[in-house]
Amino acid sequence: MRTNRVWTAIIAVIASGCVQQEVVSPSARELIVHAILDADVRTQDVIVQQSNGTVSSQVGIVGATVTITTPEGTVMTADEVRDSTAFAVQSFMAKVGIIYRISLDRYGVTLVPGGIYKLTVISGGHTVTGTTIVPARAFVATAGGAEPFSASDTLRLAWRPVPFAHAYEVSVSPLGRTASYYTIPDTTIAISGSGVPFSAGRTNVVTVAAVDANYYDYFRRSSDQFTGSGVINRLEGGIGVFGAVSRITTRVLAVK
Amino acid sequence: MMRFARLVLVSLLGACLAAPLTAQDSTSFDDLRPDGNGVRVLRTQVSLGITNQTAGSALSLVAREAGISLTYEPTHRNFQTLVNIPAHTRSLAVALLEIAKICDARVLVSLRGQVVVSPYEGVRAQLGRVEVADTAKKTALPAVRVEALRTERLSFDNALNVNSVTMNAEALRATPMFVEPDVLKSIQLLPGIEARSDWSAGFNVRGGESDQSLIMLDGYPIYNPFHLGGVFSTFIDPAVGKVELHMGGLPARFGGRLSGALDVSSAQPTTNERHGTVELSLISSMFTMGRTFDSANGSWLVAARRSYADVVVNFFQTNGFPYHFEDVQTRVDRRLGSNWRLSATGYLGRDKASGDTVNSPYGGWGNSVLGISLARGLGAWRSDSAFVEQRASWTRFWAVGDASEFRSRVDNDVTDYRATGSLKLHRGSASNVFGYEVSTQKLRYQAATVFADLGGFFPVDSVSGQVHTASLFTENTWRPSANFLVDAGLRLDLTDAGTGAGLSPRISAKYFLSHDVAISAGAGRYSQWLHSLGRGEEPLQPFQFWVPTPAGKRVSVMHDATLGLERWKTPTQIIHVGAYFKRYDHLQVPSIFSDPLVPNDELTELRGTSYGLDFLWRQLDGGDFSGWMSYSYALSSRTDQTGYQFFPTQDRRHNLNLVGSWRDDAFTWGLRANIASGLPTTPVTGQFSRDRYDALTRKWVLEPLVRNQVIADPFNSDRLPFYLRIDASVTREGRLFGLAMKPYLSVVNVTNASNPAAYLYSFSGRPNRASLPNLPFVPTFGVSIAY
């Protein structure tokens, strides 16, 4: 035990001599926009935030002009609302309380599969724009209650390709716990019951959704500290995503 | 009495020859080739015809004509053979061989220019000393004045070494070492060469990307010759005889790479007694063993190494460092009859890292090389002399990393089958080489993870395929006058990987302003159709992940132009200045937008240029001091498809290396100082939280795994600080228990200078950045034991 402590101390001394830390001042001034068109809902939310480089400073901004233009040329202007229920609030989450919400019913608009939609956000003299293609609606409700599922099982899912979808997202949501997401290009997936996503003793909901290219690109990579690259940002003038999803199926599993 | 006198004289001559040779130059005597084996004087043109004279008289005549001394036994019966040689102009080497052929003798030459002509059953010359097998035939030989000719000087005199450096093992070992001697780390101290960090696999040649260098062991390709993610090379140092590095103007026999070619040659055993070394360092032990056999007509060498840091750490903490590597390298040469030579090289290396449980992450990688060469002299077939050589090789690199708990796996496999043949014709002042190369590479790369990525070090992608390539090449060297040397080469590559390989002409010329000063110029076209998926800007590059140019895309192409000036200040001091300009077209580099969903998008095209100036002042070994000072200025820029122009990560503008080795009786002191301007880096200016839309709850949630993403300034728009590193070493030579021992102490980064290789930013609390350091202050020690 003593030799272990000595060894650990030696490594700690060497490591502390190797790595130097210095205080830096973040200089980023970016508009951050998160907007996903959901083919199955009639109100679409857009989150607009300002960041000065630190996560804690990433806050929603007021007074922005947010519009979505349909393929037919209809310009839908978002209402600025305060709705904290739109977020699965967590203590470490960036502060978001302001939502820019568009009611499709107000404009008599139905999202058209394959249609190109344009987002425009104007705030403080900055303009952020992006476009997306909405996948076709493909939701198929599953009947019955929760299926039994054990850790020794493997969940195998397959679904038909959805028109205008670029890729698919599979999420495993243990009720009351953080969900796991898999963004994949394929129409099949096998998830081991012994792995990370499932939570034993709980109801786990598995959801499959079709997503567009922006959504797929934005979430399929994380940023690389060394190169400054990673997240693929398709917005012009800001950072974030303007994407689209269409839920395909949901399965409820009672995990033992 | 006379025999005794001859024996004494021959023994004295042998001793005189052996002493300086073993002390300064381990090059052996070898059969003379018509090109003079690189000894310039043997290319002297002689005009003569000989009618009905004894071979001995003919040899004397030729020697007198050329102004050289040569050693032979005039009373031997073979030299009484009558010789008739038609009158015409030929090289001295060819003239000697013509006479030797008639009188059934062989001509041996050392790199120092010493020439011995002997009947086949008589003198054997090897290992830097002349022996006489049959004492009954020993005779008084004329005194010979021997002037050392070094490999470097021979290369200067006879080769178009416009952009190449040849270093023998002694020079390489003179540099201070990190833990243990390493060929590739020594190479990085030469002008024009540099690496992204101390932790990178691969090196950059004259502004090129790190995957643009062809690395070979005895001429056979090896794809990832590194251990521990680039910290050590796979080459076992005592088994290395010399290295030849081409930094531009690549000869036509080298294809498939744009910027450089490094050929590491195995050491040649030097005695018919079994001998070798055992070396113990802090992390590994290695041994070599070799000998010649069958009167020096054959030799073999075996070397092996294993690291034992895992064993040492395990002593303190169970499975505390579950990693080790091991290598075995072997080389066999065998002369078959008078004209055939068979050589074989084998290498097997492996790294292994694994946890202590079944589910622990594990990784392993390794290289295997097996190459065979069969060469034959064809006599005077369509030339003064001709040689043909056929080579075949199999090379494999494999790597696997698996973290099943996190459902992440990386799998890479490269298998290279290659056959190369060449015909060399020597005609007086010209030589021609015609060759072919056919190769197949089987490539497979698969990386998958449930995470968004694997940290940038392992691109998440899946690429597999086969590449078939057929190539023809010719190299033609012509010396129109004693002061002028021209080399014209042409290479035709036909490959099913990408398009546009085609014809690659290469030309270079050298003009001797004086006996010690030469200027040179060269230009050429090069193409490359295998690329690494490893991103150059990553400070840690564990491997080069090789993939082919995707179908339908253009292969990378580079055109270069070089100028050089070389001056021998003294017989042991060289000054070399080289300038270059390189233009890259269709340069294929890893794409940051690569999508596993989309085939053939893993590479993207850049264009760009690199130009610069290299300076080298070198003091050759042999005296109390040896070493070099090198300085490189380089400027590289690349332009992507959007028109954005940037400095690539290898764009180090200034790089100064001072390398010295001082001998003081039994001690040898080594010093290496490197001062270099900073490499480009991308500054991170902030972070943001990536929110995720949940299609089930239709609420926004925080990204569960990697929530904070970076906000960065334009790519490579800033630079790392200056790099300063001073290494020092001391070696003591002595004997213990009858064995030659060389204990050494080496200190890396004596001043413990902070040399950031990259920065890690954090903006979630108090904003700060931590530097990922290059090698810190590390003292190491070891011992080399020769037996």
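Tutor: A salt bridge is a side-chain nitrogen of Lys or Arg within 4 Å of a carboxyl oxygen of Asp or Glu. This is a predicted model, in which local features need pLDDT of at least 70, side-chain atom pairs count only at pLDDT 80 or more, and totals for chains, interfaces and linings use all residues. Residues are numbered from 1 along each chain as its sequence is written, chains are lettered from A in the order in which they are written, and side-chain values use heavy atoms, without hydrogens and water.

Student: Which residue of chain A meets Arg692(B) in a salt bridge?

Tutor: Three salt bridges are found across the interface of chain B and chain A. In one of them the N to O distance is 2.7 Å, and the partner of Arg692(B) is Glu169(A).

Student: How many residues of chain A are in contact with chain B?

Tutor: Contact means heavy atoms within 4.5 Å. By this rule 66 residues of chain B touch chain A, and the number on chain A is 73.

Student: What share of the area buried between chain B and chain A do carbon and sulfur atoms give?

Tutor: Buried area is the accessible area (1.4 Å probe) that two parts lose on being put together, summed over both. For chain B and chain A the total is about 6400 Å², and the carbon and sulfur share is 57%.

Student: At what angle do the axes of helix 2 and helix 3 of chain B cross?

Tutor: Axes are lines fitted to C-alpha atoms over the stretch in contact, with angles from 0 to 180 degrees between N-to-C directions. The axes of helix 2 (residues 55-66) and helix 3 (residues 92-102) of chain B come within 10 Å, and their crossing angle is roughly 175°.

Notes. Helices (H or I, at least four residues) and strands (E, at least two) are DSSP runs, numbered from the N terminus.
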